[in-house]
Amino acid sequence: MKRIPRILLKKPILLGSITFVVNLVISMSPVLYLHGKHVEHYKSIPSFNTQLLIEEQDIVYSALLYSFIFAFIISILITLLAFFFKKSYLEVENLSHFDGLTGLYNRLMFMNVFQKEIQKVKRNRDYLFLVILDIDDFKPINDTYGHLIGDEAIKITASTLQQLLRASESIARFGGDEFIISIVDQDKNAASTIVNRILNEFNNKTIPVSRNHDQQELQINLSIGYTLYRSDDDFKTMLQRADQALYISKEAGKNTATFLA
């Protein structure tokens with residue numbers, strides 16, 4: 001039931017149509033009911049003036065016409081208001097679900113999606129992986145080239161990761177230069193295949209930068225940690241293992257991946 005107002009707000013024409021029908025029924029029903037009662041009353045009188053009935057019918061028709069016009073005007077106003085609020089609602093919804101810089105899921109949205117994935121794999125016995133990665137030496141990039149280049153590195157990383165992943169996989173910017181991915185597959189080696197694909201792609205990933213008026217190519221490398229869902233896991237426990245695996249990758253020299261079961 002909570003979803004009904006949101007659905008209607010996203011469909012202004014549907015909301016306007018429902019408003020029109022409801023207003024029409026509410027305004028016309030009493031008029032038609034009372035008119036029917038009057039007609040029965042007039043017919044029960046042995047000698048009644050038919051002219052009175054004709055005049056009343058004219059009044060009823062006018063009332064129905066005014067009800068129709070009123071319902072139509074109200075529905076138009078409601079539709080216009082819904083169009084106005086729809087834009088604002090979608091902007092707020094977008095901010096609450098997606099990262100402003102990359103357009104990826106934000107942390108909260110990803111957590112909601114991942115909890116649903118956990119429930120699914122409990123039923124269908126697929127393998128669920130949680131992958132966390134970040135850009136190597138990101139702070140020196142910011143310090144050396146500035147935050148605009150840092151933002152560009154984050155955006156290029158996000159778009160490249162999206163291109164490497166399948167539609168069934170979810171990705172989010174987890175914060176700063178960190179990204180997080182969920183992978184669901186029937187193959188137990190699916191995550192390692194995707195992780196290696198990511199590492200290989202970023203071995204050749206550079207962005208053009210300018211330093212002291214010299215054009216340079218800035219190499220972007222990633223460190224990755226990932227883990228596999230266990231029957232007693234929740235998002236928090238999987239994140240802790242994946243984060244530990246990421247730390248091991250950093251300690252091992254960066255630009256590598258570590259798996260912790």
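Predicted model: local features only at pLDDT ≥ 70, side-chain atom pairs only at ≥ 80, totals over all residues.

Tutor: From H5 come Phe 138, Ile 141, Asn 142 and Tyr 145, and they meet His 147, Ile 149, Gly 150 and Ile 154 of H6. Sorted by class, five residues of this contact are nonpolar and three are polar, with no charged residues. Helix H5 covers residues 138–145, and its axis comes within 6 Å of the axis of H6, the two crossing at roughly 140 degrees.

Helix H6 spans residues 147–164 and helix H7 residues 190–202; their axes lie 10 Å apart, at an angle of about 135 degrees. That angle makes H6 oblique to H7. The crossing of these two helices, H6 and H7, is right-handed. On the H6 side the contact involves Thr 157, Thr 160, Leu 161 and Leu 164, which meet Arg 197, Ile 198, Glu 201 and Phe 202 of H7. Here the residues divide into four nonpolar, two polar and two charged. The two contacts can be set side by side: H5 with H6 has no charged residues, whereas H6 with H7 has two.

Helix H4 (107–124) and strand S1 (127–135) are the elements that give two or more residues to its lining. Lining this pocket are Val 121, Lys 122, Arg 125, Asp 126, Tyr 127 and Leu 128, together with Leu 228, Tyr 229, Arg 230 and Ser 231. By class, the lining of the largest pocket has five nonpolar residues, one polar and four charged.

How values were computed: Residues numbered from 1 in each chain as written. Heavy atoms only, no water. 1 Å grid on protein atoms, 1.4 Å probe; cavity = no way out; pocket = protein on both sides within 12 Å on 5 of 7 lines; lining within 4 Å. Helix = DSSP H or I, 4+ residues; strand = E, 2+ residues; numbered from the N terminus. Nonpolar A, V, L, I, M, F, W, Y, C, P; charged D, E, K, R; others polar. Axes fitted to C-alpha atoms, helices over the stretch in contact; angles between N-to-C directions. Parallel < 35°, antiparallel > 145°, perpendicular 65-115°, else oblique. Left-handed = near helix turned anticlockwise from the far one by under 90°. Contact = heavy atoms within 4.5 Å.
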